[in-house]
Amino acid sequence: MGIADILEQTEASRERLEDALEGLTTEQMSAPGVMGDWSVKDILAHIAVWQSRLVRLLYQLARQQKPQWDMRDVDGINAQIYAQQKERPLDQVLEDFEGVFEQVCLRLEALHEPDLARRFGDANLAQIIAANTYEHDDEHAAQISAWRSQLPPCLLYTSPSPRDS
C-alpha cells in the first residue's frame with residue numbers, strides 16, 4: 001500500500017468515526033461507560049495523543065533526526081494518557097482531535113514511499129501509521145457505535161452536538 005492509499009484510508013476512517021459521533025450531546029460525549037470507564041471524550045483524547053506521537057515520528061523522519069517510537073508498554077501508555085487527559089474540557093479535546101488529524105494528513109502527504117518500509121522494532125512505518133490512523137479510528141468508531149446502539153432512542157440526537165458549534 002502506498003502513501004496515497006494510506007491517506008485515502010485515513011480520511012475515510014475519520015469520516016466513519018465522525019459519523020459515529022454525529023448528534024452526541026456534550027453530556028453524552030462526557031459520560032463514562034463507552035469503553036470501561038472511558039467516555040467518548042476520553043477516547044478522542046486518546047486518539048489525539050497517539051496521533052500526536054505519530055506526527056512527532058513523521059516530523060523526526062522528515063528532519064532526518066533519529067526517530068523515537070516506543071511501543072513496549074501500550075497499556076501503560078494508554079493509562080498515562082487517560083490520567084493526563086481525563087479532566088480536560090471537551091472543547092479542548094475536540095480542538096486537539098481535529099488539529100492533530102490535520103497535522104497527520106500534512107505529514108503523510110510529505111512522506112516518501114521508501115520511508116514506509118523503515119523498521120521501528122517489530123513494525124515498519126506503514127504498520128505504525130495504520131495502527132495510529134485508520135485502524136485506530138475504526139476500532140474506536142465501532143466501540144462508540146456499539147455503545148450508542150445501547151442508548152434509549154429518546155436520548156439520541158436530543159440537542160446540537162458540541163462539534164456543530
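Read along the sequence, the chain follows the pattern α-α-α-α-α-β-β-α-α, that is, 7 helices and 2 strands. Helices (H or I, at least four residues) and strands (E, at least two) are DSSP runs, numbered from the N terminus. The model is a predicted one, in which local features need pLDDT of at least 70 and side-chain atom pairs count only at pLDDT 80 or more, whereas totals for chains, interfaces and linings use all residues. Residues are numbered from 1 along each chain as its sequence is written, and side-chain values use heavy atoms, with hydrogens and water left out.

Along the principal axes, the C-alpha atoms fill a box of roughly 50 × 30 × 25 Å. Of the 165 residues, 45% count as buried (under 20% relative accessible area; exposed is over 50% and partly exposed in between, with a 1.4 Å probe and protein chains only). Among contacts with a separation of 6 or more, 76% join residues 24 or more positions apart, contact being defined as heavy atoms within 4.5 Å.

Two packed helices are described by the angle between their axes and the distance between the axes. Axes are lines fitted to C-alpha atoms, for helices over the stretch in contact, and angles run from 0 to 180 degrees between N-to-C directions. Helix α3 (residues 40-62) packs against helix α5 (residues 90-110) at an angle of about 30°, with the axes 8 Å apart. The two helices are therefore roughly parallel (under 35 degrees; over 145 is roughly antiparallel, 65 to 115 roughly perpendicular and the rest oblique). By class, the contact has 17 nonpolar, 3 polar and 3 charged residues (Ala, Val, Leu, Ile, Met, Phe, Trp, Tyr, Cys and Pro count as nonpolar, Asp, Glu, Lys and Arg as charged, and the others, Gly among them, as polar).

Helix α1 (residues 3-21) also packs with α3, at an angle of about 160° and with the axes 12 Å apart. That angle makes α1 roughly antiparallel to α3, and the crossing is left-handed. Here R14, L17 and L21 of α1 meet V40, L44, I47 and Q51 of α3, a contact of 5 nonpolar, 1 polar and 1 charged residues.

L7, in helix α1, is buried, with a relative accessible area of 13%. Apart from neighbours within four places in sequence, L7 is in contact with C105, L108 and E109. L7 and L106 are 99 residues apart in sequence and 9.6 Å apart in space, C-alpha to C-alpha.

Q85 lies in helix α4 (residues 74-85) and is buried at a relative accessible area of 14%. Not counting residues up to four places away in sequence, Q85 touches K41, A45 and V49. Q64, in the loop between α3 and α4, is exposed at 75% relative accessibility. Although not a glycine, Q64 has a positive phi of about 55°.

Note on methods
A crossing is left-handed if the near helix is turned anticlockwise from the far one by less than a right angle, and right-handed if clockwise.
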